[in-house]
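Dear colleague,

Please find below the structure that I am handing over to you, together with its sequence. My findings follow directly after it.

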Amino acid sequence: MSNLETTAILGGTGDLGEGLARRMLKAGYPIILGSRKLAKAEKEAAKLTKATGLKVEAMVNADAAAAADMAILTVPFAHQLSTLEGLEDCLKGKILVDTTVPLRPPRVGRVALPSEGCAAVRAQQCLGSKVRLVSAFQNIAAHLLRSDDPIQGDVLVCSDDKAAGKQVCGLVERIGLIGWYVGPLANSAAAEALTSILIQLNRQGFSNAGIKMISQQV
Ligand SMILES: NC(=O)c1ccc[n+]([C@@H]2O[C@H](COP(=O)([O-])OP(=O)(O)OC[C@H]3O[C@@H](n4cnc5c(N)ncnc54)[C@H](OP(=O)(O)O)[C@@H]3O)[C@@H](O)[C@H]2O)c1
């Protein structure tokens, strides 16, 4: 039995959800894949189990959020609020990691933060203060997480609940990355905006542009 948090990945049938699920399964986290449709969650969970040899549970999003100790939201910005609405009771007292980048296709290379300041603050306002909202993973490409290769980019972690933010930094480190707690949820605006900058660099020939924090003695 793992002593790590059973984690529900809401909208976990998509690209980022699969990548996080793979890395977290390998790190020992029990995973519940969430979806709007049980059959889709079961199909993707079976694929993951086959690929990793590890058991993956499948549930609709609300049941997954209720059954888990912690949840991660991995749906497009346009569906962030509709996915979270009604989940406040299931998530009460739990950490919810929001990965949402407020991209507005097709202009994904242009920063377009919402009127609330950023997607993570919008999620906190939707769920209320009883949910321990943490923002992370906006600057890591899903296909890198889905591969078995080492990943060089760092992860910025923001939360108004510092202990929750530090706990998510621990998760980030267990899956082979470096996580930096960088202050309140409002600071997620910087991480979310950086994604469009990384997209611009990839268009100019970078290969999987990412961010790396440096500390320099002078
Ligand atoms: N992809 C990346 O490289 C990457 C990197 C960093 C951050 N992110 C962020 O992570 C989030 C997920 O990205 P992704 O690329 O994984 O997205 P995605 O594959 O396009 O979609 C993820 C899941 O969202 C759910 N979904 C789709 N349409 C929906 C709708 N109308 N209503 C409710 N749920 C819907 C689907 O789950 P069900 O059909 O099973 O319900 C889908 O599998 C985004 O906010 C993105 O900005 C992505």
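This is a predicted model: local features need pLDDT of at least 70, side-chain atom pairs count only at pLDDT 80 or more; totals for chains, interfaces and linings use all residues.

Isoleucine 31 deserves a separate entry. Neighbours within four places in sequence aside, isoleucine 31 is in contact with Thr7, Ile9, Ala21, Met24, Leu25, Val56 and Glu57.

**Helices α1 and α2**

Helix α1 (residues 15-27) packs against helix α2 (residues 38-52) at an angle of about 40°, and their axes are 11 Å apart. This angle makes α1 oblique to α2. The crossing of α1 over α2 is right-handed. On the α1 side, the contact involves Glu18, Ala21, Arg22 and Leu25, which meet Leu48, Ala51 and Thr52 of α2. By type, the residues of this contact comprise 4 nonpolar, 1 polar and 2 charged.

**Leucine 87**

Leucine 87 is located in the loop between α4 (80-84) and α5 (88-91). Its relative accessible area is 4%, so leucine 87 counts as buried, the cut-off being under 20%. Not counting residues up to four places away in sequence, leucine 87 touches Leu10, Ala62 and Leu127. Cysteine 169 is 82 residues from leucine 87 along the chain, and their C-alpha atoms are separated by 24 Å.

With kind regards

Conventions
Residues are numbered from 1 along each chain as its sequence is written. Side-chain values use heavy atoms; hydrogens and water are left out. Axes are lines fitted to C-alpha atoms, for helices over the stretch in contact, and angles run from 0 to 180 degrees between N-to-C directions. Helices (H or I, at least four residues) and strands (E, at least two) are DSSP runs, numbered from the N terminus. Angles under 35 degrees count as roughly parallel, over 145 as roughly antiparallel, 65 to 115 as roughly perpendicular and the rest as oblique. A crossing is left-handed if the near helix is turned anticlockwise from the far one by less than a right angle, and right-handed if clockwise. Contact means heavy atoms within 4.5 Å. Ala, Val, Leu, Ile, Met, Phe, Trp, Tyr, Cys and Pro count as nonpolar, Asp, Glu, Lys and Arg as charged, and the others, Gly among them, as polar. Buried means under 20% relative accessible area, exposed over 50%, partly exposed in between (1.4 Å probe, protein chains only).
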